[in-house]
Amino acid sequence: MSISFTLQSLVPLMALREAPGLCHRTLATAAVTAGLRSASSAAPQDKRAAITESTKDYKFVERLIPPTRIPDPPKYVGAAPSGWIPPAESPPPLPYMIRRSRMHNIPVYSDLTHGNRKLTLVRKVEGDIWALEKDVREYLKQVTGKELPTQVNEVTMTLKVKGHFDQELKDWLASKGF
């Protein structure tokens, strides 16, 4: 079953497209533009309900609005009950810096691509990323006993390591003070 349009049905549609304000006019404005008069000489009254603003009930709305930023985490001496470790008071004196994520976690992630290619990704690196790559290689050589391939992306400031070593790198970075 196909739909066919005739020229007569397309002409009003084309006229409506050319006049975008025509669709949004009220009945009174359409009557005035057509040259018709209103039966009543009185002005039309607005029949909308009045809006009242209640400030005492706003406390119920405030708790539903999400916060504009993530609050600072509470201060812990050691690890938190969840296992989260706070960063050191001052950053370590290294040529590179790794910023925490917006949820205050260390930005080290494991990635699985092409079904079986395991990668570990270190993000939010600032400073000398090549010095970080050298330190990560040395650390992982001590842990695994073999040289692991790494890839540095200077544009996105990320470091990729072949294999899943996210927990080892998170613990190592936390021990350094990041």
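Helices (H or I, at least four residues) and strands (E, at least two) are DSSP runs, numbered from the N terminus. Axes are lines fitted to C-alpha atoms, for helices over the stretch in contact, with angles from 0 to 180 degrees between N-to-C directions. You are looking at a predicted model, in which local features need pLDDT of at least 70 and side-chain atom pairs count only at pLDDT 80 or more, while totals for chains, interfaces and linings use all residues. Residues are numbered from 1 along each chain as its sequence is written, and side-chain values use heavy atoms, leaving out hydrogens and water.

**Stop 1: the helix pair**

Select residues 129-144 for helix H4 and 166-176 for helix H5; their axes come within 11 Å and cross at roughly 115°. That makes H4 roughly perpendicular to H5 (the label covers 65 to 115 degrees, with under 35 roughly parallel, over 145 roughly antiparallel and the rest oblique).

Now show the side chains where the two helices meet. From H4 come Leu132, Asp135, Val136, Tyr139 and Leu140, and from H5 come Glu168, Leu169 and Trp172; contact here means heavy atoms within 4.5 Å. Colour them by class and you get six nonpolar, no polar and two charged residues (Ala, Val, Leu, Ile, Met, Phe, Trp, Tyr, Cys and Pro count as nonpolar, Asp, Glu, Lys and Arg as charged, and the others, Gly among them, as polar).

**Stop 2: Leu169**

Is Leu169, in the viewer, buried or exposed? Leu169 counts as buried because its relative accessibility is 1% (buried is under 20% relative accessible area, exposed over 50%, partly exposed in between, with a 1.4 Å probe and protein chains only). Beyond four places in sequence, Leu169 is in contact with Val108, Thr120, Val122, Val136, Tyr139 and Leu140.

**Stop 3: the core**

The largest nonpolar core has 23 residues, and Val122, Leu132, Val136, Leu140, Leu169 and Trp172 have the most contacts inside it. Such a core is a set of buried Ala, Val, Leu, Ile, Met, Phe, Trp, Tyr and Cys residues joined through side-chain atoms within 4.5 Å. H4 gives the most to this core, with six residues.

**Stop 4: Ser101**

Finally, select Ser101, in the loop between strand S1 (96-98) and strand S2 (108-113). Ser101 is buried, at 15% relative accessible area. Apart from neighbours within four places in sequence, Ser101 is in contact with Pro107, Tyr109 and Lys124.
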